[in-house]
Amino acid sequence: MSVAAPPDEAQALDGPSELATPGLERQAERAKARQGFLLGLPAILYLLVFFVIPLGVVVAYSFATRTRSGRTELRDWNLNAYARLGDDIVLTVAWRSLWVAALTTVICLLLAYPLAYFISTRSAVTRNLLLVGIMIPFWSNFLIRTYAWRVLLDSDGLVTQMVQATGLGDGRILFTTNAVILGLVYGYLPFMVLPLYAAIERIDWSLVEGARDLYANGWGAFRRVVWPLSKPGVVAGSILVFVPSFGAYVTPAILGGNKEGLLGSYIVLQFLSARNGPVGSAVSVVVLVVMLLGTLLYFRAGGKNL
Amino acid sequence: MSKGVARSTAEPQGVSRWWLRGHSLLVFVFFYAPIVVLFVFSFNDSNAVGNWKGFTLGWYEAFLDNQNVHESIWISVKVCLFSTVIAVVLGTASALALERFRWWGQKAFDAVLYLPIIIPDVTMAVMMLVFFGETAHLFNVIPGVDLSSGLEKLVLSHVAFNISFVSVVVRARLANLDASMEEAAADLYANRWQAFRRVTLPQIMPGVLGGALLAITISLDDVVVSSFVAAVGATPISVYVFGMLRKGVSPLVNSVSVVMLTASISLVLASLVFSRATGSEREERLKT
Amino acid sequence: MHDTTDGPRPAVELQGVVKRFGDRSGTEVTAVDDLDLTIADGEFFSLLGPSGCGKTTTLRMIAGLELPTAGSIRIHGEEMGLRPPNRRPVNTVFQNYALFPHMTVAKNIGFGLEMRKVPTGDRAELIDWAIQLVEMGALAHRKPGQLSGGQQQRVALARALVNRPEVLLLDEPLGALDLKLRQQMQHELKTLQREVGITFVYVTHDQEEAVTMSDRIGVMHDGRLLQVDTPEAIYERPTTRFVADFIGQSNFLEATVASADEVVLANGQRLRLSSDSPSGEAVAVTVRPERLTVHRRGEAPAGLHHLEGRVEMVTYMGNAIVYGIGIDWMHLDVRCPATLAVERRDVGDEVTVSFEPRHAAVVTG
């Protein structure tokens, strides 16, 4: 067999030949670190200018002064805006937002869990089809999907007609908090299904089989094995539903009417109608802090793997 | 279920089995019924939305005639395109920087990168409104930049939250990638750039595209941030439709909605078909 | 440990090579501790040792995938210094093959040539040569995902060899293969190396593998090179307890050095065995189980070393019988062929174990 070799035209291999020393090794490491930093620099700068600073401005606004005409002036720093947070109306709104978000999350969990479980028991082909079936609403325009319920719940809407026909009520669900919850559940249900499915699918089924043997029925096996193992998915899904629900604006605006029912609407109100920058900013900051804390705590409690 | 145990044993037995199936069916009906209703009633020959009065294409004609809608759609497309491209580049670069290198301040950057994902969009909207309010005059000093038209502000805001989403998706893909492949590339005489272009990039491309799709969707979906930031005359379609919705239900809104829904569903299906084509390679790999 | 071989320009020379890994919190790990090693041109050299001994780190430093903390690495006399891997005339076969999944076999193999800007015509010829070398002709247009483990391994080999490196580095490439395939590949690798004539540096933790394939073996432990020698020398004349224990099976009898040619076993028995260690040094006498013979008490031939003891355990292994012999409180395993010609012993038998002096080694450590 002929023994070939790369021709001389091939690029020669040479380079610096300084001997390695601890100092030089550290230098090489630092050069590599610098490369990484430079690679990330554009994104870092961008976020600094267009995210961190805006956040800073909002925080500043929350301590700023509102002039008579409704402008916000960055002087005479004070805590007036935060003091307003103790107002009854703010507390009411905040409390309502909290339990709306919590209720939405729980309902989503109850609806999503059996579905996620069901999907993971299907064959690969069926599973993919079902997942695509969930992906489609998930990727579809959120606004439109919420509007669809507006249509259904309208005074002439199909659901209203159905409810009236079955005599369950007068059918005036629209513009109540229930409508908002319905809209939120509809909007964010896929966010609960997908992480749940991911977690349940990963469970080693032989563990469940073993548990079935031990507990002599499926329910015990579920409680002791499936549920605990699916917790990371529950945590992830809950966060993904609770966070947007808590600060929701679009859904209450479309389905809840013009009341300042929830925090999102309240904040918008402050900026657009009430023209009170400091208060609007203060509430925004508080919402953000609550969300951050909640997310962190929940992560610690429920596991880090998503 | 994983680990190859007969799938049928995973299902509960007896009554629970049927209850599970029934529940799942109902949830799917719940998902799709509103969309179907919307679709059907966009052909309804009536101003009222609940009662069927006859088939018509009138609302779609109205949609095609509506100049404002067309302008808004065009604005959305422009904002979407520009912001996605920028977000993909910055997001991919930051994913690489975080996964393949170690540098001072990395953890802080990582944390900051997660904020746009969990921040409520109302807070984000407030942030951008207030920021541009205070600094617009500073930006306008830069030649060629005129923030009053609104388009730039929209693009800038959208990029701000989309970098993180792209980064998360690309990072997930990168993390699954075998780092030894890049070592092999170096061992085979590739410099950093060649290794990236010929080995890493083709591998993370599904992630990059997935991130791009996510960015496009989020950009098109966005209502709150866009409405706070948009200037008159430069409203993206989502803001325009939102305005229409506030005024009430109308069949015109229905037809616009159906068009938007169809567009986004087509996008999803197209990307699924595309990923199936490239994913079939992955399946073949798993066969060995 | 110092080692020299004669011949012009050895393929790899490591002098005083140190690698320390440290993290921010200050804990430091010395993976490779002051290594001196010379690998001859055209040699099949194995670095052998348990996990964590530093053998892979050493290999990666030769490849340039890690930079040494200190020391010199020369390839055919040329100092590598801090050069990155893409500027070194060496190629690596990775443990998990690291094939590029989005490229065909042919493109994978041609990658290095492409990077070095080899003209297209020559490239095709070289790729062809490499494919034929590893007998993958029919699969040149498949992608790695469509290949079996053994086939992927061949592609990885071809991809490295096509560049005609001055040294080929192999990082436990056969680990993922099943036993039969592994043995077949060992044979093929050895033949390939002979044919191509390139220096192979092979890292493994499998001592059988190292012994089968290598011209010389370097045994590493805890970052240090313990012994560098031919497989036979390492087997027959280990210099440290670790090497004796790691390669094959071995017996150890604790002893102290009495003089340059006598040691005293722990039970007081004296044996005439030469050693380099100073008087009083604690050592171990090591003999391979198959080099020991069991006789009825008192019937061992003269001229050999004798140890008197009692059979404590008999294990039948199919082609051999292993006797566990107790000598006072010490223990020896003796491996005898299970042929009918050799007399069997029972538990409780009083026996004499004999061995030739040349089959025993005195080791430190």
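**Chains, domains and cavities: a walk through the model**

Okay, let's start where chain C meets chain B: across that interface there are 11 residue pairs in polar contact, both residues at pLDDT 80 or more. A polar contact here is a pair of N or O atoms within 3.5 Å; within protein, one must be able to donate a hydrogen and the other to accept it, and residues adjacent in sequence count only if both atoms are side-chain atoms.

Quick housekeeping. This is a predicted model, where local features need pLDDT of at least 70, side-chain atom pairs count only at pLDDT 80 or more, and totals for chains, interfaces and linings use all residues. Residues are numbered from 1 along each chain as its sequence is written, chains are lettered from A and ligands numbered from 1 in the order in which they are written, and side-chain values use heavy atoms, with hydrogens and water left out.

Back to chain C and chain B. On the chain C side, 29 residues touch 21 residues of chain B, where contact means heavy atoms within 4.5 Å. Together they bury about 2,400 Å², with 54% of that on carbon and sulfur atoms. Buried area, by the way, is the accessible area (1.4 Å probe) that two parts lose on being put together, summed over both. Within chain C, Asn86(C), His102(C) and Met115(C) give up the most area to chain B, together 23% of what that side buries.

And how many salt bridges cross the interface of chain C and chain B? Two, counting a side-chain nitrogen of Lys or Arg within 4 Å of a carboxyl oxygen of Asp or Glu. Have a look at Arg60(C) and Glu183(B), whose side chains form a salt bridge at 2.6 Å, N to O.

Now over to chain B and chain A. Here 93 residues of chain B are in contact with 90 of chain A, and the pair buries about 8,300 Å², 77% of it on carbon and sulfur atoms. The salt bridge count between these two chains is zero, while eight residue pairs are in polar contact, both at pLDDT 80 or more.

Next, inside chain A. It splits into domain 1 (18–62) and domain 2 (86–305), with bounds from an automatic or database domain assignment. Their centres, taken over C-alpha atoms, are 37 Å apart. Five residues from each domain of chain A make the contact. The area buried between these domains is about 410 Å², and carbon and sulfur atoms give 82% of that. In domain 1 of chain A, Val58(A), Tyr61(A) and Ser62(A) lose the most area to domain 2, together 78% of what that side buries.

A cavity is a set of points on a 1 Å grid, over the protein atoms alone, where a 1.4 Å probe fits but cannot get out; grid points are joined across faces, edges and corners, and a volume is the space filled by probe spheres set on the points. The largest cavity holds about 40 Å³. Its lining residues, meaning those with an atom within 4 Å of a point, include Tyr235(C), Glu236(C), Arg288(C) and His359(C).

Terms used: On a 1 Å grid over the protein atoms alone, a cavity is a set of points where a 1.4 Å probe fits but cannot get out, and a pocket is an open set with protein on both sides within 12 Å along at least five of seven lines; lining residues have an atom within 4 Å of a point.
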